[in-house]
Amino acid sequence: MAKKKGNVLRIIVGVLGAAVLVMAAGLIVSGRFSARLQGGENSQPEQSETTVLDSEVQEVLDSLTLEQKVAQMFFITPESMTGYNRVTQAGNASKEAFVKYPVGGLVYFSQNLKDPDQTRTMLGNMQQFSEEQTGLPLFLGVDEEGGTVVRIADNAAFGVENIGDMADIGATGDSSKAYDVGETLAGYLKDLGFNVDFAPVADVFSNPQNTVIGKRSFGSDPNVVSEMVVQAVEGLQDNGVAAAVKHFPGHGNTTQDSHSGYASSDRTLEELQSMEFLPFEAGIAAGTDFIMVGHITLPNATEEQSPSSINKEVVTDMLRTGLGYSGLIITDAMNMGAITQEYKSAEAAVKAIQAGVDIVLMPEDFQEAYEGVLAAVEDGTLTEERIDESVARIIAEKLAIQNESLNSDVVG
């Protein structure tokens with residue numbers, strides 16, 4: 001796909017007016033499909049295509065038990081799934097654990113990744129287990145932003161160059177370089193077997209005292225960051241790897257680090273709309289498959305004073321409804337201090353789903369979180385219809401991945 005030039009933000013204004021709002025009883029589409037629906041009448045899929053998609057999603061959804069559906073809403077480490085301290089292969093223990101907990105995704109870190117052959121074999125085996133157990137692909141994710149946050153480019157065994165800090169990319173003012181970043185990352189991630197990259201960072205670096213974002217951000221100008229985010233998303237997804245734009249509603253104005261504890265932004269809703277939200281709107285217009293919600297508290301923008309990842313005012317009112325996002329909403333890692341200091345794993349997972357989240361990432365205690373969600377459905381705290389709403393989005397995205405894989409096998 002040719003790299004897009006020009007003023008992206010002018011386009012976004014018109015595009016967002018056609019954004020698809022996903023309702024529980026309405027057509028459920030993933031980011032890949034919503035990108036086409038948001039692109040104007042010339043890119044609108046035929047009615048038969050959306051009908052077929054909806055029918056396929058429902059067929060898969062009907063085939064899953066409640067336990068399998070709840071498991072699909074978790075994205076965890078292989079260690080959390082198996083109980084082992086370090087996982088570098090996927091054999092019988094991983095298969096048995098996956099049969100018991102057929103989770104939606106696994107996220108890998110440096111300790112799991114030794115070299116290309118080992119990684120391809122491990123991820124390939126997990127994909128096979130997932131297809132056998134659920135008939136669906138497994139989300140296989142990694143934090144590979146470039147610069148200071150990489151799991152592969154810092155390992156000489158993989159032979160790939162670190163693309164550097166996004167601040168340097170943003171400073172060039174050339175958004176095509178952000179496309180190159182996405183294309184490069186997707187090139188080696190897909191080759192290894194990954195299909196999700198927790199990137200790009202869409203935070204506007206507006207507070208010089210912020211230490212957690214820093215050079216991970218494309219910069220302090222929301223317009224520049226927006227243009228870069230569009231190109232990075234397209235660079236990743238044009239080349240077969242789902243993007244996860246992060247960390248909504250924006251972590252660039254905080255002084256605290258949510259990894260270690262409470263973190264807040266003093267922005268009002270109006271200020272967020274004019275600054276922090278712009279790159280996320282751009283990512284939505286580009287069709288990002290995932291948006292990651294951070295654990296930032298917004299004392300001046302929400303009535304409920306809880307982290308954004310478990311706050312319905314942020315997840316549903318601001319992101320799903322306000323920005324019209326129809327793709328997958330995933331939490332930031334739920335083992336971070338901003339969550340664990342105040343909430344048990346089960347409570348946090350249930351609150352995240354109540355808030356409107358589709359996927360819970362890395363709860364501190366996965367088994368507790370999983371059982372807690374099941375118990376919440378059984379006692380009526382959560383409805384199975386609410387579970388189905390998110391799992392339908394997950395299935396739609398996985399069917400898109402599956403179809404792309406089949407098409408790539410045929411072409412050539």
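Visitor: What applies to the model as a whole?

Guide: The model is predicted: local features need pLDDT of at least 70, side-chain atom pairs count only at pLDDT 80 or more, and totals for chains, interfaces and linings use all residues. Residues are numbered from 1 along each chain as its sequence is written, and side-chain values use heavy atoms, with hydrogens and water left out.

Visitor: In what order do the strands of the open sheet lie?

Guide: Helices (H or I, at least four residues) and strands (E, at least two) are DSSP runs, numbered from the N terminus. Two strands pair if DSSP finds at least two bridges between them. Here eight strands form an open sheet with parallel pairing, in the order S7-S6-S5-S4-S3-S2-S1-S8. Strand S7 (328–331) and strand S8 (360–361) are at the edges with a single partner strand each, so one side of each has no neighbour in the sheet.

Visitor: How many bridges join S5 to S6?

Guide: Strand S5 (residues 242–248) and strand S6 (residues 290–293) run parallel and are joined by four bridges. Ala244 has Phe290 of S6 as its bridge partner, and Phe248 is opposite Val293 in S6.

Visitor: Which way do the residues of S6 point?

Guide: In a regular strand the side chains alternate between the two faces of the sheet. In S6, Phe290 and Met292 point one way, Ile291 and Val293 the other, and all are buried. Buried means under 20% relative accessible area, exposed over 50%, and partly exposed in between (1.4 Å probe, protein chains only). S5 is mostly covered as well, with seven of its seven residues buried.

Visitor: How many residues of helix H12 are buried?

Guide: Eight of the nine residues of H12 (residues 277–285) are buried, so the helix is largely enclosed by the rest of the structure. The buried residues include Phe277, Leu278, Phe280 and Glu281. After H12 comes Gly287, with a positive phi near 90 degrees.

Visitor: At what angle do H15 and H16 pack?

Guide: Axes are lines fitted to C-alpha atoms, for helices over the stretch in contact, and angles run from 0 to 180 degrees between N-to-C directions. Helix H15 (residues 345–355) packs against helix H16 (residues 366–378) at about 55 degrees, with the axes 7 Å apart. The two are therefore oblique to each other; angles under 35 degrees count as roughly parallel, over 145 as roughly antiparallel, 65 to 115 as roughly perpendicular and the rest as oblique.

Visitor: Which residues make the contact?

Guide: Contact means heavy atoms within 4.5 Å. H15 contributes Ser345, Ala346, Ala349, Val350 and Ile353, and H16 contributes Glu368, Ala369, Gly372, Val373 and Ala376.

Visitor: Where is Gly135?

Guide: Gly135 lies in the loop between helix H7 (116–134) and strand S3 (139–142). Its relative accessibility is 34%, so Gly135 counts as partly exposed. Beyond its neighbours within four places in sequence, Gly135 is in contact with Ser130 and Gln402. Val60 is 75 residues from Gly135 in sequence and 8.3 Å away in space, C-alpha to C-alpha.
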